[in-house]
Amino acid sequence: MTSTQSKWLEAELKYDSRVVGKHEVVMTRGQGSVVWDETGRSYIDCVAGYGVANIGHCHPDVVKAIRDQAERLLVMPQSLPNDKRAEFLTELVGVTPAGLDRVFLCNSGTEAMEAAKKFAITATGRKRFVSMKRGFSGRSLGALAFTWEPKYREPFGEAVDNRNVDFVTYGNIEELRAAITDETAAVILEPVQGEGGVRPASPEFIQEARRLTQEKGALLILDEIQTGFCRTGKMFAAEHYGVVPDGMTLAKAMAGGVPIGAFVMTADVADRMPAGGHGGTFGGNPLAMAAGVAAIRAMKREGMAEQAREKGAYFMERLRAIQSPKIREVRGLGLMIGVELKEKSAPYIHALEHEEGVLTLQATPLVVRFLPPVTISREQIDTVVAAFERVLNSVNPRAERQAELAAAQKEEKQTE
């Protein structure tokens, strides 16, 4: 580690809240599917900002749009109409499923989920929700109520009020039928569970959720925060299932890397929210709107949904060809891919980064998640797969753990 890199890492570790675990590396630059650290080492990025950089890092159209807008206007509240906001809303509604033509703008996926919760309550006059086991909806107190994993909720006790949330097993139609009642405001689900292990829903499950919510007068809200904007091989994952929900939560890739969020919904849902019932200072700010216009246009012009579909199929085919007893399953949709192992994935993710220059994510303790930019090339996919195969063959988690324990015991004796 260089002295300069050490300086920046030391500063971040010193002043950061430390609620997020840090890698021992300082990233300074990105282009397309590659990022560089301060030493100049390159990495193929299969994290993409947790699925944000779908169109690649520093896409030239987005960079230009940000630069141009920064010279004109940076902030304007939603109470004052803005030309770039109107342009963005037109672009967004132009790609969303028919009927989802009203938009609440915000700054993140969690904010979009908070908005969806309030709109569902006012649209139906009900307060009960159905959410999914292994689902992830965000970490604010309201969104946490829909998030299944107890480790996210438990530190906050009763402040996370999920007494009105019924969790059902993802994919279990019988549990879904039993949970949706005349008191249900909305069913909230991810078309592909990300944090839950990269698990695509079956068409039957999504379609039955649509049928049941319509029958009971509840809303179907699809969480497309990670699956949206070409990630799964369609502009939105809902298109794979042939359903149109009452609303979708959107964020991540929508503006090419600039913070943004939205809840898109039907006019009927939007019109039932009282005036002033929800809001926010920075939602719809001109800088994010300009980036969003450029990003969506680039997705359409460059055929990124088709790219994700073709490259995702190739990526999974290559991963499934790996002959390793450590692999239990390769699954995914488009370029949202998970490899479930028969042992903890963390040592392999660590080795990919430090030994091979490949960045990946964990999704549950057993799953290595690949979320590369859609711009990733087949040659880069081949490089990633070859690197993954090497670490599967070289890493011995048991031996590493024994070495860690031995080192800890030695250190403990030295301090006694």
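Strand 3 and strand 15 (residues 358-359) run parallel and are joined by two bridges; two strands count as paired if DSSP finds at least two bridges between them. Strands (E, at least two residues) and helices (H or I, at least four) are DSSP runs numbered from the N terminus. Asp45 has Leu359 of strand 15 as its bridge partner. This is a predicted model, in which local features need pLDDT of at least 70, side-chain atom pairs count only at pLDDT 80 or more, and totals for chains, interfaces and linings use all residues. Residues are numbered from 1 along each chain as its sequence is written, and side-chain values use heavy atoms, with hydrogens and water left out.

Strand 3 (residues 42-45) also pairs with strand 2 (residues 34-37), antiparallel and over three bridges. Here Val35 stands opposite Tyr43. Four residues lie between the strands of this hairpin, and Gly40 has a positive phi near 95 degrees.

Elsewhere, seven strands make an open sheet of mixed pairing, in the order 4-12-11-10-7-5-6. Strand 4 (102-106) and strand 6 (165-168) are at the edges with a single partner strand each, so one side of each has no neighbour in the sheet. Within the sheet, strand 7 (residues 184-189) and strand 10 (residues 219-223) pair in the parallel sense through four bridges. Leu189 has Leu222 of strand 10 as its bridge partner.

Helix 5 covers residues 109-124. Its buried residues (under 20% relative accessible area, 1.4 Å probe, protein chains only) include Met113, Lys117 and Phe119. Gly125, which follows helix 5, has a positive phi near 70 degrees.

Definitions and conventions
Expected span 1.5 Å × (residues − 1). Buried < 20%, exposed > 50% of the residue type's maximum accessible area, 1.4 Å probe, protein only.
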